[in-house]
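Biologist: Could you take me through this model? I would like to begin with a single residue and then look at the strands and helices.

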Number of protein chains: 2
Amino acid sequence: MQKKVINLGLAGFGTVGTGLARIIQENSNWIRRRLGKELKILKILVRDLEKKRTFLPGPETEMTADLEDLVHDPDVDIVVELMGGVETAHEVITRALREKKHVVTANKALLAERGNELFSLAYEQEMGLYYEASVAGGIPVVQTLKESLSGDRIRSLTGILNGTANFILTEMTHKGLDFATALQAAKDLGYAEADPSLDIDGIDSAHKLVMLIRLAHGRDYSLNLLPVEGIARVRAMDISLAGEFGYKIKLIAQVREKSGHLQAGVFPALLPEEHILAKVDGPFNSVLIHGNAVGQVMLYGQGAGDLPTGSAVLSDVLSLARDNAVPNNTGFLEKILPKADIVKPELAVSRHYFRFTAQDKPGVLAAVAGVMSEHDISIAQVVQKQELPGGAGVPIVFLTHKAQLSAVRRALEIIDRFDFITASAVHYRILG
Amino acid sequence: MQKKVINLGLAGFGTVGTGLARIIQENSNWIRRRLGKELKILKILVRDLEKKRTFLPGPETEMTADLEDLVHDPDVDIVVELMGGVETAHEVITRALREKKHVVTANKALLAERGNELFSLAYEQEMGLYYEASVAGGIPVVQTLKESLSGDRIRSLTGILNGTANFILTEMTHKGLDFATALQAAKDLGYAEADPSLDIDGIDSAHKLVMLIRLAHGRDYSLNLLPVEGIARVRAMDISLAGEFGYKIKLIAQVREKSGHLQAGVFPALLPEEHILAKVDGPFNSVLIHGNAVGQVMLYGQGAGDLPTGSAVLSDVLSLARDNAVPNNTGFLEKILPKADIVKPELAVSRHYFRFTAQDKPGVLAAVAGVMSEHDISIAQVVQKQELPGGAGVPIVFLTHKAQLSAVRRALEIIDRFDFITASAVHYRILG
């Protein structure tokens with residue numbers, strides 16, 4: 001853009017919007033030095049004009065409750081959508097693009113669900129639709145995949161993409177808390193929302209993974225085809241047992257490529273303690289990328305929060321303000337990305353962790369091991385622990401060598417039907 | 001660039017040049033999908049045309065030993081300087097820029113020493129001078145600082161920037177090796193060159209730090225003003241003692257900003273084992289950045305090697321091939337970056353590790369502690385070990401609270417003069 005002042009129109013003025021406004025105010029001289037232009041928040045679309053706000057961007061900023069007023073304003077150069085939700089946000093973005101305005105958004109749910117349509121529209125309008133803040137907050141993973149690693153074939157990408165889930169698992173690991181207590185701690189500290197289901201059920205990680213698959217592979221991996229499993233069933237006992245074997249349990253979002261086919265999913269898994277992602281604790285996010293040229297690259301940082309997310313939004317704004325060129329939205333030239341060729345999730349091969357709970361009687365171990373052997377699951381380590389209090393059975397933990405998920409599931413189904421089994425088997429994949 | 005084929009002219013065809021050619025060959029379809037253009041290595045400048053090579057880019061690539069032939073070729077769009085060294089590389093780059101060709105280089109020594117002049121020339125010519133590969137190999141830290149975090153004020157940047165030094169320290173830590181043995185292991189594995197002095201004396205890290213200071217702060221920090229200390233004096237004993245206290249010794253390159261003034265240096269230091277940089281082992285590099293908006297961001301990956309470095313070179317090539325705009329070389333608009341306001345190194349405040357070697361007699365601890373107290377150095381932990389074999393004295397280790405480097409140096413000078421001290425004090429800063 002050739003203009004000396006770049007005018008922003010914000011849709012939404014919650015946590016991230018306020019964070020963005022604060023950064024633009026505090027770093028204004030710096031931004032001018034970098035950009036040679038001034039950033040101005042011209043207009044903010046809010047639901048409630050009367051609401052008391054802790055921070056206001058300045059007297060020249062106009063507040064409006066009228067969507068038209070924002071997207072039609074000829075002086076607004078970039079519309080920044082930070083309202084969340086799907087329907088209204090979708091309307092703001094499509095209207096803005098049709099008005100030939102660049103758009104910056106942090107809305108992962110919207111882009112994961114309706115990205116195809118929105119990126120197509122941006123393509124037709126030749127406008128920017130940027131979204132660094134939508135994946136892993138302040139971590140510059142969108143830019144890294146779209147630009148820095150764009151000449152690499154990405155063979156695998158493994159992320160810890162949800163700070164709330166990672167905080168809960170970290171608390172459970174370090175303090176021996178159960179899930180409910182750790183969740184409450186996350187709520188008390190503001191890391192979890194009143195309804196934390198998007199975070200703990202893995203949906204938020206799935207949204208981000210779908211975006212990362214687009215960026216890394218230029219493929220559309222439909223959200224409803226992605227296997228997604230959250231952390232609500234993770235028990236303190238398994239975290240502790242995993243620890244005894246030298247592993248940590250993390251909520252993983254992963255895509256692996258083989259001969260052009262993609263295998264992806266969100267699931268809790270065991271990582272060896274010395275794995276670089278196993279060290280990512282608390283509310284932090286991280287993405288480990290393996291490219292055929294660059295080898296391993298890992299990015300780490302704050303996945304949420306007003307200022308980190310605001311920083312990511314600002315980086316998109318600056319990028320759009322800096323370039324004269326046609327913007328690079330998806331990192332690929334196609335108007336619509338082709339569908340991903342998907343490897344069936346049950347064909348995934350990895351090592352596995354099982355915990356069975358059985359009556360303490362002879363023949364149990366032989367029976368269980370027999371079923372595994374019949375399904376070609378080779379056992380690497382076994383530990384049988386003391387009987388649980390109240391006669392709740394004896395925990396037996398197996399760590400296996402590599403085996404296919406389908407074989408594992410068939411074996412577990414058979415084992416769960418044994419009459420000496422007192423509780424359903426617990427099963428996690430082991431990565432790394 | 002509007003052209004459908006982007007022609008590269010390589011100056012130098014060693015490890016990185018070969019790596020780049022391999023990637024362009026292997027990923028050519030992928031690059032076409034990303035870029036809509038073809039990359040072609042049109043010409044390669046080599047010293048010896050007769051030299052046997054393990055890899056050749058293809059029959060349409062011309063080899064030349066004539067510098068003029070490369071930089072004057074009107075068909076060459078981007079000159080990629082991968083020859084290393086300063087004088088000839090400088091000539092290639094200046095000639096290429098004057099011929100209105102973009103330049104990509106991996107030459108950190110050249111840019112650290114003569115960056116001002118070269119960036120000024122690129123500014124005048126309005127051409128790109130890109131250098132992602134010159135800092136931390138495949139890690140996209142240049143792009144991250146120049147683009148993604150360009151709206152952030154960087155408060156500190158702490159890096160492990162030399163893979164050779166980090167490999168040596170890791171071997172010493174994990175295997176208890178002494179420095180010479182670990183250095184030999186690094187040579188045997190190809191991680192260290194025959195003359196490893198640039199790596200182990202910290203010079204290579206200093207080159208990279210000067211570049212990172214430019215990118216993060218937009219300031220010219222003269223290489224010869226940077227305090228630089230290598231790892232040749234690091235002893236297995238101190239690594240082991242640091243480990244007993246829960247610390248690792250790493251070669252650190254750091255810049256910290258306070259009220260616009262910069263404090264920078266390269267030095268071995270103790271990091272707490274749980275510090276995210278303490279987990280960076282072997283030949284890997286990492287950069288931890290603290291921005292006023294983004295908070296902590298860490299990047300990790302391979303700092304050297306043919307393919308990782310080739311990947312970084314390729315990312316610059318793609319970036320130049322993609323943009324129509326005036327290139328963004330330094331991340332700032334000025335033709336010449338202003339000089340850094342430098343905080344004197346001796347004003348640095350940190351915690352400290354001391355190891356004294358003293359005769360085993362009464363009053364030693366009191367005398368040493370007394371000098372520290374006189375210099376306002378407050379002691380956090382003390383351990384006195386058993387006498388060393390052969391009557392070489394008793395090691396006494398102090399970990400201090402925060403104290404100024406100048407006070408520490410004055411105190412150590414006095415303590416070293418005590419007649420009961422049998423060897424000069426060993427001193428490291430403690431970070432984190």
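Biologist: Is A:Lys100 buried, partly exposed or exposed?

Modeller: A:Lys100 counts as partly exposed, because its relative accessibility is 47%. Buried means under 20% relative accessible area, exposed means over 50%, and partly exposed lies in between, with a 1.4 Å probe and protein chains only. Please note that this is a predicted model, in which local features need pLDDT of at least 70 and side-chain atom pairs count only at pLDDT 80 or more, while totals for chains, interfaces and linings use all residues. Residues are numbered from 1 along each chain as its sequence is written, chains are lettered from A and ligands numbered from 1 in the order in which they are written, and side-chain values use heavy atoms, with hydrogens and water left out.

Biologist: Where is A:Lys100 found, and what is its phi?

Modeller: A:Lys100 is in the loop between α4 (87-98) and β5 of chain A. Its phi is positive, about 60 degrees, although A:Lys100 is not a glycine. Most residues other than glycine have a negative phi. Helices (H or I, at least four residues) and strands (E, at least two) are DSSP runs, numbered from the N terminus.

Biologist: And A:Ser259, buried or exposed?

Modeller: A:Ser259 counts as exposed, because its relative accessibility is 72%. It lies in the loop between β8 (247-258) and β9 of chain A, and has a positive phi of about 50 degrees without being a glycine.

Biologist: Now the sheet that contains β5: what is the strand order?

Modeller: The order is β3-β2-β1-β4-β5-β6 (chain A), an open sheet of six strands with parallel pairing. β3 (62-64) and β6 (129-130) of chain A stand at the edges with a single partner strand each, so one side of each has no neighbour in the sheet. Two strands pair if DSSP finds at least two bridges between them.

Biologist: Which helix packs on that sheet?

Modeller: Helix α12 (residues 306-322) of chain A does, touching β1 (5-11), β2, β4 (78-81), β5 (102-105) and β6 of chain A. The direction of α12 makes about 165 degrees with that of β5(A). Axes are lines fitted to C-alpha atoms, for helices over the stretch in contact, and angles run from 0 to 180 degrees between N-to-C directions.

Biologist: What does A:Asn7 touch?

Modeller: A:Asn7 is in strand β1 of chain A and counts as buried, at 10% relative accessibility. Apart from neighbours within four places in sequence, A:Asn7 is in contact (heavy atoms within 4.5 Å) with residues including A:Lys40, A:Leu42 and A:Asp75. The side chain of A:Asn7 reaches the backbone oxygen of A:Asp75 at 3.1 Å.

Biologist: Changing topic, how many residues of helix α10 are buried?

Modeller: In α10(A), 14 of its 15 residues are buried. The helix covers residues 203-217 of chain A, and A:Gly218, with a positive phi near 60 degrees, follows it.

Biologist: Finally, which strands pair with β16(A)?

Modeller: Strand β9 (residues 261-272) of chain A pairs with β16(A) in the parallel sense over two bridges, with A:Ala269 opposite A:Arg429. Strand β12 (residues 349-358) of chain A pairs with β16(A) in the antiparallel sense over seven bridges, and there A:Ala358 stands opposite A:Ile421. Seven of the ten residues of β16 (residues 421-430) of chain A are buried, so this strand is largely enclosed by the rest of the structure.

Notes: A polar contact is a pair of N or O atoms within 3.5 Å; within protein, one must be able to donate a hydrogen and the other to accept it, and residues adjacent in sequence count only if both atoms are side-chain atoms. The expected span of a helix is 1.5 Å times one less than its number of residues.
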